[in-house]
Amino acid sequence: MDNRTRAFIEKSTLLFIASRNADGAMDVSPRGGQPSVLRFRADGALLMPDYVGNKRLDTIGNVLANPDVALLLLNRLSNDYLRINARAIVSQAEDDLAAFPADENPPLSVIVLQPTRMEFVASKAFHRSGFWVDASGLKPTLDVLDIYARDIKWQTDGGRDPVPFDPGSESHLAGSGLRAFYGTPSPMVQKKVYDTAGPGFMSFIEDARFIVFAHEGASGEILIDLAGGAPLKADRETNAPSLLLDIEHEGTAGPAALHSAPFAIIAAEPGRCDNIRVNGTYREVCTTPDGRRRLSLQSEEIYFHCSAALTRSRIWMDARPAAWSGKRSFTCVARRQESPDVVSLTFSPRDRAPVGSAEPGQFVTVSLPHDDAKTPRRRCYSISSVPTDRELRISVRRIGDNGVSALLHDRVMIGDEVFLGPPGGQFVFNSAPLKAVVLVSAGVGITPLLPMAEQLAREEPGREIWFVHAARNGRHHLFGPEALELANLNPGISLLTVYSRPDDDDTFHHEGRLDAAALARHVPVAEADFYICGPETFMSSLRDGLIELGAPPAAIRMEAFEQSGGGGFALREAQMNLPPRLVSFTRSDRQATWTPECGSLLDLALANDIEVQFSCRSGECQSCSQKMISGGVIYPSGEEPLIARGQVLLCQAIPKNDLVLDC
């Protein structure tokens with residue numbers, strides 16, 4: 001495997017996997033994951049996790065009967081894809097499961113893939129379909145349950161029966177123990193598949209402009225091709241609601257089988273996570289004027305599918321990779337007293353998966369398994385050094401004797417367990433190459449800036465960098481030796497120390513409060529980017545002063561976890577007319593009526609004195625994630641958050657219908 005292929009796999013967050021049962025009937029399914037959908041095993045095999053889903057187990061059932069599969073991997077904004085043929089087995093071995101974080105959404109099994117062939121393909125489908133939308137092109141998920149209900153009624157009224165799950169695959173699942181382990185699909189899932197398209201299904205055909213087409217090659221292997229534009233359409237010349245597909249084979253693998261063969265399709269609308277699924281056999285009708293094959297599709301299974309895969313992939317989001325979702329168990333492996341009121345704690349994951357990526361400046365949300373509070377508390381703390389593959393450090397200032405900070409100071413010792421949410425936050429380094437940078441902190445505000453300085457020291461020797469820290473005195477100066485090491489590593493880093501009440505033996509550059517005028521004596525105010533973290537009054541006064549001295553407002557970034565407003569939450573105009581919904585909070589034994597004027601579910605909970613945790617209000621820290629017992633929610637932004645199945649992010653959600661929450 002060459003470097004290009006390995007890098008492509010490591011960056012891929014979305015793939016489509018095609019498989020077939022013992023009789024040759026085919027299926028293609030999406031899989032998504034962060035920070036990548038596949039992991040490399042030491043022996044070169046690829047590991048693909050399987051999470052809680054609708055329990056149909058199409059792919060797993062097929063793999064148990066027939067190990068030959070094909071995959072199509074996507075990279076965000078790339079018009080090339082990677083086509084892989086492989087042999088697959090289903091594993092629940094501890095070592096294979098341990099390749100993935102043991103968070104609130106751990107994998108239930110792993111499909112182990114041994115590639116037999118790989119090929120990069122340049123495809124026209126992305127451009128033709130307009131697949132690469134940005135976040136503004138995201139579309140809210142459809143009310144698939146309502147579509148199911150209406151289509152099932154239409155099918156029942158027409159005397160049609162649902163298509164049962166393949167009995168051969170079901171036998172393999174039962175014999176392997178996986179059916180008992182996963183459980184039985186719900187009645188709705190068991191009834192959703194028919195061999196004829198219902199009106200709800202057909203109403204979205206024209207919107208499904210991106211087609212994943214799995215079929216047999218001439219030698220019998222599985223091929224996957226893409227098509228875009230409007231390649232899938234209703235066959236208007238027949239009375240039955242059948243489909244036509246225009247497709248061309250891309251790449252060198254193949255060629256495609258002629259005339260007729262089994263197939264499977266996923267049809268997606270760019271920006272929407274719901275997709276259309278069709279499995280069956282095709283026959284070739286003709287060749288279109290532009291040289292594509294026109295196929296008439298005889299459906300044997302046809303249904304809507306609301307997949308978590310596209311949500312997990314974040315394929316349409318310009319988002320940083322998420323190392324895990326929800327709470328993940330870590331062990332404290334080191335602690336160090338940095339000053340009289342600040343302690344550093346280093347954590348290592350209890351699973352064997354790596355810590356994962358975290359941008360310098362981001363934070364994690366911390367909670368404790370044995371918190372005595374009625375509602376377990378969560379607090380955000382900056383990551384105070386660049387994480388290694390197995391370690392992540394935070395540094396915490398003690399605030400009072402009854403909060404999470406006091407618990408971390410007094411009760412978390414080496415060997416103890418803590419829960420960490422995934423790294424989040426938008427206060428990350430983002431400056432033009434070689435532009436002068438000033439990192440300014442006061443007190444414990446140094447914690448998000450220290451990893452920025454560490455990264456700059458190691459990776460950008462040609463940039464001018466000022467690392468400015470304000471403290472009471474030398475005894476309260478955090479990370480002085482670490483800052484000095486960075487300055488010795490990179491001569492472009494200048495240290496500037498400000499003490500408000502220095503001791504007699506302290507060494508410093510400026511005495512008194514740090515303000516813009518004092519800073520301007522040392523740094524080029526009008527030419528630099530500023531990253532500022534500290535108390536709110538410190539940051540706001542410094543920002544105002546720098547702007548008065550000529551700093552462009554856009555060149556000043558500041559960090560603040562707590563937000564007084566609604567963060568990233570806003571209702572769209574159409575959502576302002578939604579009807580009232582009853583929201584039940586079971587543990588609090590209360591009910592409240594939501595209306596659009598109430599805002600988010602978090603706003604509703606707080607207005608009714610429901611005790612729930614929250615912090616950033618922008619969906620980053622996941623502190624307000626709660627279990628949803630029944631009902632559904634809408635995320636007005638159009639972006640489904642990356643949280644465990646069955647959870648809801650209160651600060652970003654509104655109720656879709658009457659809702660029951662476990663809080």
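Which residue's backbone nitrogen lies 2.9 Å from a polar atom of the side chain of N21?

A: This is a predicted model, in which local features need pLDDT of at least 70 and side-chain atom pairs count only at pLDDT 80 or more, while totals for chains, interfaces and linings use all residues. Residues are numbered from 1 along each chain as its sequence is written, and side-chain values use heavy atoms, with hydrogens and water left out.

The residue is D23: its backbone nitrogen is 2.9 Å away from a polar atom in the N21 side chain, a polar contact (N or O atoms within 3.5 Å, one able to donate a hydrogen and the other to accept it; residues adjacent in sequence count only if both atoms are side-chain atoms). N21 itself sits in the loop that joins β1 (14-20) to β2 (26-32), where strands are DSSP runs of E with at least two residues and helices are runs of H or I with at least four, numbered from the N terminus. N21 counts as buried because its relative accessibility is 6%, and buried means under 20% (exposed is over 50%, partly exposed in between, with a 1.4 Å probe and protein chains only). Leaving aside residues up to four places away in sequence, N21 touches N62, A65, N66, D166 and S169, where contact means heavy atoms within 4.5 Å.

Elsewhere in the chain, an unreviewed UniProt entry lists residues 325-430 as "domain: FAD-binding FR-type", an annotation that may be inferred rather than shown by experiment. Across residues 325-430 the chain is 7% helix and 37% strand, with the end C-alpha atoms 24 Å apart.
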